[in-house]
Every structure is written in C-alpha cells, then in structure tokens.
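Here is a short briefing to read alongside the model. Take a look at the chain first, then work through the points by topic.

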Amino acid sequence: MSSFVYYSIILVHILACIFLIGVVLLQQGKSQDLASAFGGGGTQTAFGPRGSANVLSRATTVLAGVFMVTSLALSILRPRPSTILDTVKTPAAAPTPAGSAAPAPAPALPAQSTAPATTPPSSR
C-alpha cells in the first residue's frame, strides 16, 4: 500500500514540474515592450491585456506549493535502502587464532665488519 502512495506522489510531482515549467515560460517578462515587438504578445489575445498575469501568477503559486509539498512527502516516504552505501555490507575482520600468533621478526640490522680498525697515519 505504501508503494502505491509513493509512486502516486512521484506522478503528481512530475506533473507539477512539467506544468510549472510551462506556466513560467508562458509569463511575460518585465520588459514586455521588447517581447511584443518580436511576437511575444500572443498571450494577450487569449487572456486579455492583464488577465494573463493574474491567472499565470496564481497558477505559478499553486504549482510551486504542490512542488514543495510533494518534495517533502517524497523525502519522508522514500524507501529506506535507497543508496548503494545502505545495501553494501561491510566484511567482518577475520579473527586470528590465539595459539598461532607468532612474534613479528626483528628488523634486520646492518652487518658490522670484522676487519680491524685502521688508524690514520700520524703527521710528523
């Protein structure tokens, strides 16, 4: 049952994202004189000169609210093992038997020469 709710929230979230992108792209910018000079005034014919700003701004507000609520719901309802780090088990350290513990070998020392030491010639 919880997977049905989770996937239905994902569907609503994706639809809200798509419609939010569309509504934002339909809105006119602050400098609408330049946009209308290049054919950007097409929304004024459908909604009237100021009607589009009210409808599109309210739709943006509602869709942004739906986006935030579904984002929070998805973070709360996510399945628990969701990352690879959650699914990988760490191997336990192999125990060493107590009786077979051998002492570590001593580090090798440099060999000392057995030749007699020579004395430097004395200066007269």
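**Contacts and overall fold**

Residues 24 or more positions apart account for 76% of the chain's contacts with a separation of 6 or more, a contact being heavy atoms within 4.5 Å. Please keep in mind that this is a predicted model, where local features need pLDDT of at least 70, side-chain atom pairs count only at pLDDT 80 or more, and totals for chains, interfaces and linings use all residues. Residues are numbered from 1 along each chain as its sequence is written, and side-chain values use heavy atoms, with hydrogens and water left out.

**The chain as a whole**

- The chain has five helices and zero strands, following the pattern α-α-α-α-α along the sequence; helices (H or I, at least four residues) and strands (E, at least two) are DSSP runs, numbered from the N terminus.
- Of the 124 residues in the chain, 10% are buried; buried means under 20% relative accessible area, exposed over 50%, and partly exposed in between (1.4 Å probe, protein chains only).
- The accessible surface comes to about 10,800 Å², and carbon and sulfur atoms hold 68% of that area; the areas come from the Shrake-Rupley method with a 1.4 Å probe, and for residues only the protein chains shown count as cover.

**Histidine 13**

- Histidine 13 sits in helix H1, which covers residues 2-26.
- Why is histidine 13 counted as buried? Its relative accessibility is 15%.
- Beyond its neighbours within four places in sequence, histidine 13 is in contact with Phe67, Thr70, Ser71 and Leu74.

- One aromatic pair is counted, where rings of Phe, Tyr and Trp (its six-membered ring) pair if their centres lie within 6.5 Å, and planes under 30 degrees apart count as stacked, over 60 as edge-to-face and the rest as tilted.
- The rings of tyrosine 6 and tyrosine 7 have centres 5.4 Å apart and planes at 75°, so this pair is edge-to-face.
- Tyrosine 6 is buried at 17% relative accessible area, whereas tyrosine 7 is exposed at 55%.
- Proline 79 lies in the loop between helix H4 (51-77) and helix H5 (84-87), and it is partly exposed at 45% relative accessibility.
- The C-alpha atoms of proline 79 and tyrosine 6 are separated by 8.8 Å, although the two are 73 residues apart along the chain.

**Valine 5**

- Valine 5 is found in helix H1.
- With a relative accessible area of 32%, valine 5 is partly exposed.
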